[in-house]
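Hello,

Here is the structure I said I would pass on. My notes on it follow below.

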Amino acid sequence: SHAAICLFEEICNLALDCLCSTSSHNSQSHDSETSAVYVWGSNSSHQLAEGTLEKILQPKLAHGFSNAKTIEAGQYCTFAVSEDGSVKACGKGSYGRLGLGDSNNQSAA
């Protein structure tokens, strides 16, 4: 759908911005910041990247997004941009919504 294409384009732009900003910093002066990411919710389509379809009813430290710099989450899928600018997708893949060239669900980011 048009909304999925717009979301994918926005995520690609975020990845490009991330890559450009990290490559413009001197590696010696670049502080590596880490952030904790917590997930919870339905997880009916693997959108929480926990490797299962179990509901997560309380915030849980996420392992699937450990190196994410930016995360975009929706009802059925999640996209993460890592520090090196790569984009990972997990969740419901129907209609090609994950941008991976197929309609398969992805269980890990």
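The loop between E1 and strand E2 (56–61) holds His 46. Please keep in mind that this is a predicted model. With a relative accessible area of 16%, His 46 is buried, because buried means under 20%.

Strand E1 itself covers residues 38–41, and Tyr 38 lies in it. The relative accessibility of Tyr 38 is 47%, so this residue counts as partly exposed; exposed would need over 50%.

An open sheet is formed by 3 strands, in the order E3-E4-E5, with antiparallel pairing. Its edge strands are E3 (68–73) and E5 (87–91), each of which pairs on one side only. On average, neighbouring strands in this sheet are turned by 20 degrees against each other, direction ignored.

Within the sheet, I looked at one pairing in detail. Strand E4 runs over residues 77–82 and pairs with E5 in the antiparallel sense, over 5 bridges. Which residue in E5 does Ala 80 stand opposite? That residue is Lys 88.

Regards

Notes
Residues numbered from 1 in each chain as written. Predicted model: local features only at pLDDT ≥ 70, side-chain atom pairs only at ≥ 80, totals over all residues. Heavy atoms only, no water. Helix = DSSP H or I, 4+ residues; strand = E, 2+ residues; numbered from the N terminus. Buried < 20%, exposed > 50% of the residue type's maximum accessible area, 1.4 Å probe, protein only. Pairing = 2+ DSSP bridges. Axes fitted to C-alpha atoms, helices over the stretch in contact; angles between N-to-C directions.
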